[in-house]
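The entries are kept in the order in which I looked things up.

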There are 2 protein chains.
Amino acid sequence: MHSYEKWYAQKGAQGDVVLSTRVRLARNLADMPFSAKLDPQGKENVAHEIREAAKNLPLAQKAIGAMRWIDMAELPQLAAVSMAEQRLVSAAFARQEPGTALLLRDDRRVSVMLCEEDHLRIQAYSPGLALDETWAMADEIDTALGGSLDYAFDERLGYLTQCPTNLGTAMRASVLLHLPALETLDRVGRLAESISKLGLTIRGAFGEGSGAEGSLFQLSNQVTLGISERQALDNLQAITSQIAEQERRARKELLQRPEWENKVWRAYGILRYARLLDSGDAIKLLSLARLGAAGGILPIEIETLNALMTDIQPATLCLAKQVTEADQRDRARAEMIRENLEE
Amino acid sequence: MHSYEKWYAQKGAQGDVVLSTRVRLARNLADMPFSAKLDPQGKENVAHEIREAAKNLPLAQKAIGAMRWIDMAELPQLAAVSMAEQRLVSAAFARQEPGTALLLRDDRRVSVMLCEEDHLRIQAYSPGLALDETWAMADEIDTALGGSLDYAFDERLGYLTQCPTNLGTAMRASVLLHLPALETLDRVGRLAESISKLGLTIRGAFGEGSGAEGSLFQLSNQVTLGISERQALDNLQAITSQIAEQERRARKELLQRPEWENKVWRAYGILRYARLLDSGDAIKLLSLARLGAAGGILPIEIETLNALMTDIQPATLCLAKQVTEADQRDRARAEMIRENLEE
């Protein structure tokens with residue numbers, strides 16, 4: 001599909017449950033109003049200042065040199081939406097507001113949104129559970145840029161952010177979890193309650209207020225104030241491992257039931273032969289197939305399914321398959337899935 | 001499954017629409033009360049008389065010599081029900097009432113029920129549309145037995161039967177039709193109306209009053225009085241060919257719709273991979289697959305599907321797969337289908 005090897009199709013630790021890890025740092029320039037107060041020209045000025053800083057960095061060769069500069073307004077709309085589907089940018093950022101820009105590492109594992117909610121949103125991604133590695137990638141960019149930019153920082157509060165919920169470390173680390181068994185056994189609600197007491201939050205993966213399509217959930221740290229990045233990461237690591245363990249036990253329980261073994265195989269049959277698949281249908285079936293693959297029932301690589309779960313999203317699909325009309329999309333989606341599931 | 005090659009798995013004329021042809025002749029002995037008036041001993045006497053006649057026939061070597069004698073009461077229940085599923089006997093006959101017996105040709109293409117509604121019900125079967133051939137098989141047995149038995153016959157009325165609707169030729173010829181497209185396009189009702197004016201009747205294949213499970217319909221002559229066997233057969237032949245032509249046109253129309261192509265492929269996917277299939281579910285999916293196979297979309301032989309449509313019926317399945325419990329049946333059914341649809 002792409003000339004680079006997709007990071008989200010690579011193997012990762014605890015990959016049976018954890019699809020990916022993301023670390024996001026929010027930063028703002030000390031001498032500028034927050035994004036919400038900037039007009040398009042103001043945003044361009046901020047972006048320009050950051051771009052110049054990046055260019056002039058001694059460290060830039062290594063960390064930033066490999067990053068492409070993208071004026072969001074110049075990007076075709078489909079490409080912008082596809083970036084959101086791949087989680088490289090937020091849904092809001094994909095709306096391509098004037099003055100916004102993106103720094104993107106060629107392997108797409110690091111991106112910096114400029115003039116989103118904050119002046120800089122540094123994001124790094126890894127397959128599987130890899131908090132330390134992912135943190136290190138984000139931190140490297142942050143340190144490099146921070147060397148020549150004057151960040152808004154308060155001794156007592158830490159990094160200053162437009163939304164007070166990010167004050168402090170301004171770091172949000174999250175893991176994308178596949179929890180079909182816990183969801184089926186109706187255990188995610190209870191989990192969410194106990195997790196919130198530990199300073200974490202879990203929600204449907206497709207954004208706030210969304211249901212958990214495909215049983216995908218995002219677990220992230222909620223607290224950024226009065227806690228170090230290290231503590232937040234360790235906390236998230238421990239809870240993730242616990243949830244993964246619970247999910248594994250629940251899967252065993254589920255897959256011993258003949259009707260679930262049956263469900264998983266039927267999903268596989270439909271995915272292998274359907275000629276039309278809408279995205280809701282496809283994500284449900286891929287989720288079932290992923291459950292079956294992780295349980296050693298279906299002859300598919302989990303990573304193939306991970307990639308498909310992203311690649312069948314509407315914009316990404318249209319770009320890959322060169323289709324434009326809505327009615328071609330369901331056909332192209334079914335085709336892409338068939339091609340990837342050939343035995 | 002069986003030591004003989006199943007006749008209903010063989011290729012036949014117009015096999016895309018016509019699964020099989022059956023001719024049934026009703027006969028009664030002149031000197032005996034009708035079956036309804038006979039006690040078990042009376043039925044045994046009738047059966048005995050017919051058996052002796054069969055033994056002593058000069059023609060018996062050829063036509064009847066190859067037939068096995070089966071006392072219905074001695075048959076395991078499952079075997080009796082399986083015979084009904086294979087249409088060798090009626091559902092009523094499968095209840096194994098005392099005194100009833102069956103003559104069955106080894107290839108199972110000819111059977112004679114003794115002491116069903118009439119003393120003799122001679123039935124012959126062929127794959128596809130083969131009225132002449134099937135009629136000839138039934139007629140051969142009838143002629144042979146009639147040579148030494150005194151049939152109840154009236155110069156004016158023809159053969160006398162317990163139910164007046166069979167008076168005359170006492171011949172019922174029928175074809176088993178697969179009409180998924182006409183049914184989907186809601187055209188079977190209109191068809192049934194115009195057919196009844198022509199002395200024919202069409203109904204769901206699984207018996208009077210049943211729905212058309214799997215889009216299988218039975219078309220047969222309604223009139224037996226005042227019309228020769230030849231006329232009835234010619235009439236049925238002509239109408240069958242017309243309906244088959246209509247069904248073919250309707251299938252083309254249907255399969256050009258992407259959602260139907262999709263339906264057919266999804267059915268194939270489920271059939272190839274499901275681990276549990278109840279019989280209602282299976283017959284629906286097999287019907288869709290048969291539509292796809294006949295339309296050149298799916299890589300399956302129609303005859304494989306014909307055989308499965310019979311072989312997955314509960315009793316036949318239990319006998320073939322040696323299962324007894326209801327919960328093993330759905331698993332065995334899915335397994336049998338998978339084995340037969342392997343690519």
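The entries below take the interface, then the sheet of each chain.

**Entry 1: the model.** I note at the start that this is a predicted model.

**Entry 2: extent of the interface.** I looked up how many residues each chain brings to the contact. Chain B gives 18 residues and chain A gives 18 residues. I then looked up the buried area. The two chains bury about 1,600 Å² between them. Of that area, 55% is on carbon and sulfur atoms.

**Entry 3: polar links across the interface.** I searched for salt bridges between chain B and chain A and got four. I also counted polar contacts. Between chain B and chain A there are 12 residue pairs in polar contact, both residues at pLDDT 80 or more.

Which element gives the largest share of the side of chain B that touches chain A? I find helix H8 (residues 258–273) of chain B, with 11 residues. I sorted the residues on that side of chain B by type. Eight are nonpolar, two are polar and eight are charged.

**Entry 4: two salt bridges by name.** I picked out B:Glu261 and A:Arg331. Their side chains form a salt bridge at 3.2 Å, N to O. I also looked at A:Glu261 and B:Arg331. Their side chains form a salt bridge at 3.1 Å, N to O. This pair crosses between chains. A:Glu261 sits in helix H8 (residues 258–273) of chain A, and B:Arg331 sits in helix H12 (residues 326–341) of chain B.

Entry 5: I traced the strand order. Eight strands of chain A form an open sheet, S2-S3-S4-S5-S1-S8-S10-S9, with antiparallel pairing.

S2(A) pairs with strand S3 (residues 101–105) of chain A over five bridges, in the antiparallel sense. In this pairing A:Arg68 stands opposite A:Leu104 in S3(A).

**Entry 6: a helix on the sheet of chain A.** I looked up what helix H7 (residues 229–255) of chain A lies across. H7 lies across strand S1 (18–27), strand S8 (171–178), S9 and strand S10 (216–221) of chain A. The helix runs at about 10° to S8(A).

**Entry 7: the sheet of chain B.** I traced chain B in turn. Its open sheet has eight strands in the order S2-S3-S4-S5-S1-S8-S10-S9, with antiparallel pairing. Strand S2 (67–71) and strand S9 (200–204) of chain B are the edge strands, and each pairs on one side only. The twist from one strand to the next averages 20°.

S2(B) and strand S3 (residues 101–105) of chain B run antiparallel, joined by five bridges. B:Asp71 stands opposite B:Ala101 in S3(B).

Methods: Residues are numbered from 1 along each chain as its sequence is written. Chains are lettered from A and ligands numbered from 1 in the order in which they are written. This is a predicted model: local features need pLDDT of at least 70, side-chain atom pairs count only at pLDDT 80 or more; totals for chains, interfaces and linings use all residues. Side-chain values use heavy atoms; hydrogens and water are left out. Contact means heavy atoms within 4.5 Å. Buried area is the accessible area (1.4 Å probe) that two parts lose on being put together, summed over both. A polar contact is a pair of N or O atoms within 3.5 Å; within protein, one must be able to donate a hydrogen and the other to accept it, and residues adjacent in sequence count only if both atoms are side-chain atoms. Helices (H or I, at least four residues) and strands (E, at least two) are DSSP runs, numbered from the N terminus. Ala, Val, Leu, Ile, Met, Phe, Trp, Tyr, Cys and Pro count as nonpolar, Asp, Glu, Lys and Arg as charged, and the others, Gly among them, as polar. Two strands pair if DSSP finds at least two bridges between them. Axes are lines fitted to C-alpha atoms, for helices over the stretch in contact, and angles run from 0 to 180 degrees between N-to-C directions.
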